[in-house]
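Thanks for coming. Please have the sequence and the structure open.

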Amino acid sequence: AIPRKPATIMDVAAASGVSYATVSRYLNGNPHVSAKAAERIAAAVKQVNYTPNNAARSLVRQRTQTVAF
């Protein structure tokens, strides 16, 4: 069997029927997401088995949340 790639925000958006931006706002805790959309996104996250990619998040935010000694 071919290993399946991890789910992305785009996969969650497609499964929930909302935009990429709305999924991003929901995942980042922005309060400007309707309750109905939040329910659909939460269900889609479970359906596609989405887990945040910390490496991608660090690249986008240009922060690693790593402390060096």
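Helix α4 gives the largest share of the lining of the largest pocket, four residues. Before I go on, a word on the basis: this is a predicted model, where local features need pLDDT of at least 70, side-chain atom pairs count only at pLDDT 80 or more, and totals for chains, interfaces and linings use all residues. Residues are numbered from 1 along each chain as its sequence is written, and side-chain values use heavy atoms, with hydrogens and water left out.

Now some terms. Helices here are DSSP runs of H or I with at least four residues, strands are runs of E with at least two, and both are numbered from the N terminus. For the pocket, the protein atoms alone are put on a 1 Å grid; a cavity is a set of points where a 1.4 Å probe fits but cannot get out, while a pocket is an open set with protein on both sides within 12 Å along at least five of seven lines, and lining residues have an atom within 4 Å of a point.

Back to the pocket. The volume of the largest pocket is about 500 Å³, a volume being the space filled by probe spheres set on the points, with grid points joined across faces, edges and corners. By type, the lining divides into 10 nonpolar, five polar and five charged residues. Nonpolar means Ala, Val, Leu, Ile, Met, Phe, Trp, Tyr, Cys and Pro; charged means Asp, Glu, Lys and Arg; the others, Gly among them, are polar.

Helix α4 itself covers residues 54-61, and the count of buried residues among its eight residues is zero. Buried means under 20% relative accessible area, exposed over 50%, and partly exposed in between, with a 1.4 Å probe and protein chains only. After α4 comes Gln62, with a positive phi near 55 degrees.

Next, the core. The largest nonpolar core has 14 residues, and Val12, Val23, Ile41 and Tyr50 have the most contacts inside it. The elements that give two or more residues to this core are α1, residues 9-16, and α3, residues 35-48. The largest share, six residues, comes from α3. Such a core is a set of buried Ala, Val, Leu, Ile, Met, Phe, Trp, Tyr and Cys residues joined through side-chain atoms within 4.5 Å.

What does Val12 touch, not counting residues up to four places away in sequence? Val23, Ile41, Ala44, Val45, Val48 and Tyr50. Contact means heavy atoms within 4.5 Å.

Ser16 is in helix α1 and counts as buried because its relative accessibility is 6%. Its side chain reaches the backbone oxygen of Val12 at 2.9 Å. Leaving aside neighbours within four places in sequence, Ser16 is in contact with Val23, Arg40, Ile41 and Ala44.

Now helix α2, residues 20-27, where Tyr26 lies. Beyond four places in sequence, Thr22 is in contact with Val33, Ala37 and Ile41.

Tyr26 is partly exposed because its relative accessible area is 29%. Leaving aside neighbours within four places in sequence, Tyr26 is in contact with Val33, Ala38, Ile41 and Ala42. Tyr26 and Ile41 are 15 residues apart in sequence and 7.8 Å apart in space, C-alpha to C-alpha.

Leu27 also lies in helix α2 and is partly exposed, at 26%. With neighbours within four places in sequence set aside, Leu27 is in contact with Ile9, Tyr50 and Arg57.

Last, Asn49. The loop between α3 and α4 holds Asn49, which counts as exposed because its relative accessibility is 60%. The phi of Asn49 is positive, near 60 degrees, in a residue other than glycine.

That is the end of my part.

Definitions and conventions
Polar contact = N/O pair within 3.5 Å; in protein donor to acceptor, adjacent residues only side chain to side chain.
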